Amino acid sequence: MVKTAEGVIRYHERTKHRPGRYAKSPGFLDWENQPQPFRCFKGSPAIKLPFLKKDPAGDFSSLFSRKGCQTRPFNLENIGAFLELSLGLSAWKSYMGESWPLRMNPSSGNLHAEECYLALPPLTDDGSMGGIFHYNPFYHHLEKRAESGEDLWDEIKKTLGTNGFLAGLASVFWREEWKYGERAFRYSNLDLGHGAACMSFSAALLGWKLTSLSALSDDGFEKIFGFDRTRWVEGERDFPGPLFLVHPKEKKPESKILSADIIERFKEITFTGEPEPLSKDHVDWPAVKEVSMLTAKPSTQPLPCPRPCEDAQNIKEETDASGAEIIRRRRSGQAYDGATSVPKEDLFAILDGTLPRSGFAPFDMCLGETAVHLVIFVHRVAGLKPGLYILVRDNKGIERLKQDLHGDFLWSGAGEKKIPLYLLKDGLFAGEARFICCNQDIAGDGAVCLAMIARFREVIEKAPWLYRHLHWEAGVTGQALYLGAEARGLRATGIGCFHDDIFHEFVGLNKNTFQSLYHFTIGTPVEDRRITTLAAYHHLKESGLTR
């Protein structure tokens, strides 16, 4: 275990960006071999999913609390709604003859390493048997890879104590490797966190809830979704991520463990269809392959839910837009005006949405204990002095943070008893934020810039596979920031490029007890009016595509 943990830590160290020496990557964009962003399984029957005719009821606060969201039945129409509002397309952008799709879930470089698989019971509305499906967001189709009988689902329901279906996320590392090289593993797992949060918020509007089946091994995941019986193209295979039970919000699972007998039942299923190639050629990145092996998950006991933050408030409706509208209009800001201030009440509300609370999405998926805290560069917030702040997302983590961060930090309460926010140091640090974030203007031009620091060495030494979970937690937290900003007329951007140790030195982290995993900026965006926005699925209507 120690040897494996040290291998994971070495990977993390070698993939840090430093001024003048960035993590190893191709250094150019090989457009001829750019991976296809949508996976298709040739030979797998396609099932067209209906699009929402009317968005489900529920305001912004309903995305978190599920309050007022009627529990819908598990049928093809509602499963289509669940996928449309979580992993479907949100728009197309067009500029000078080139066009590209955007999705509900964000991704590093819009490359989308993630893939979604469902294990569904028999559905009454289409009369088919249950089975294993792959979701293709380009067509809004399910590709049926296998059939499963009703007796299997009776056994699953009896074991878990509730009805529902299984939803798993996986990563195609090659999509991120193509551009980012060795750092791709980190970005791919951040994307999985974003995707999981998107599914949690979408489920909330349907009166459903996600619960992580975190006891499952990667081997078990591959058996359920047939990865072990799939003829993957060399260098393009899917790697297991989190698996969730999607169930009615009122019915808590009695167990979070799928028995070995049930997993073996999935292994007996015959799969059809082969993945179509994503690229003509590939570049091998051994560091990514090695860390994926080092972080392979064995069977374990289920992970605990995050401890509710004692200072979390009740998330309130702050906009006339519905929850679904906020999901649909989320975008990553490309530029910020560098001038407009954000009211502190808006910042407090956005940050409050990142705090774990019992029975609230997305953190009640139970992906593990809270490990991530937010260090915040406040540039322009009305009613809050410029400076360096920290949001402590786990009340019991504050003493450890005080020990590891600079000893002369103030730790002055700044949240006015609304959130656990503390002022560490007075001053305007927009230039430092910009330099830390690989000299990107967005880090200094937003109203705030955030860095997510996570408990690191002790977590990795406890279980090396939790390295992935740290990134998932950061991605989930980032999605809460995205939607919170969007609800208040602002925009956010996830920042994966940052000088890791320059930031660590700035805040006093000279050991790897904590490490920065993800940066973010929030502010007033500057829109590029040269870019045209097109409807999410205009390509299906205009070309008559049906797959």
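Predicted model: local features only at pLDDT ≥ 70, side-chain atom pairs only at ≥ 80, totals over all residues.
Let me begin with a helix pair, where G220, K223 and I224 in α7 meet I263, E264, F266 and K267 in α8, contact meaning heavy atoms within 4.5 Å. By class, this contact of α7 with α8 has 3 nonpolar, 1 polar and 3 charged residues, where Ala, Val, Leu, Ile, Met, Phe, Trp, Tyr, Cys and Pro count as nonpolar, Asp, Glu, Lys and Arg as charged, and the others, Gly among them, as polar.

Residues are numbered from 1 along each chain as its sequence is written, and side-chain values use heavy atoms, with hydrogens and water left out.

Helix α7 (residues 218–225) and helix α8 (residues 260–267) pack at about 40°, with their axes 7 Å apart; axes are lines fitted to C-alpha atoms, for helices over the stretch in contact, and angles run from 0 to 180 degrees between N-to-C directions. Helices (H or I, at least four residues) and strands (E, at least two) are DSSP runs, numbered from the N terminus.

Turning to the sheet, it is open and has 7 strands in the order β16-β17-β15-β13-β18-β20-β19, with antiparallel pairing, where two strands pair if DSSP finds at least two bridges between them. The edge strands are β16 (412–413) and β19 (491–495), each of which pairs on one side only.

Strand β18 (residues 448–455) has 8 of its 8 residues buried, so it is largely enclosed by the rest of the structure; buried means under 20% relative accessible area, exposed over 50%, and partly exposed in between, with a 1.4 Å probe and protein chains only. On one hand, β18 pairs with strand β13 (residues 372–378) in the antiparallel sense over 7 bridges, and H373 has I453 in β18 as its bridge partner. On the other, 8 bridges join β18 to strand β20 (residues 514–523), again antiparallel, and A454 is partnered by Q515 in β20. V375, for its part, has A451 in β18 as its bridge partner.

Helix α16 (residues 466–487) packs on this sheet, touching β13, β18, β19 and β20, and its direction makes about 15° with that of β20. Helix α17 (residues 500–507) also packs on the sheet, touching β13, β15 (387–391), β18 and β20, but its direction makes about 90° with that of β20.
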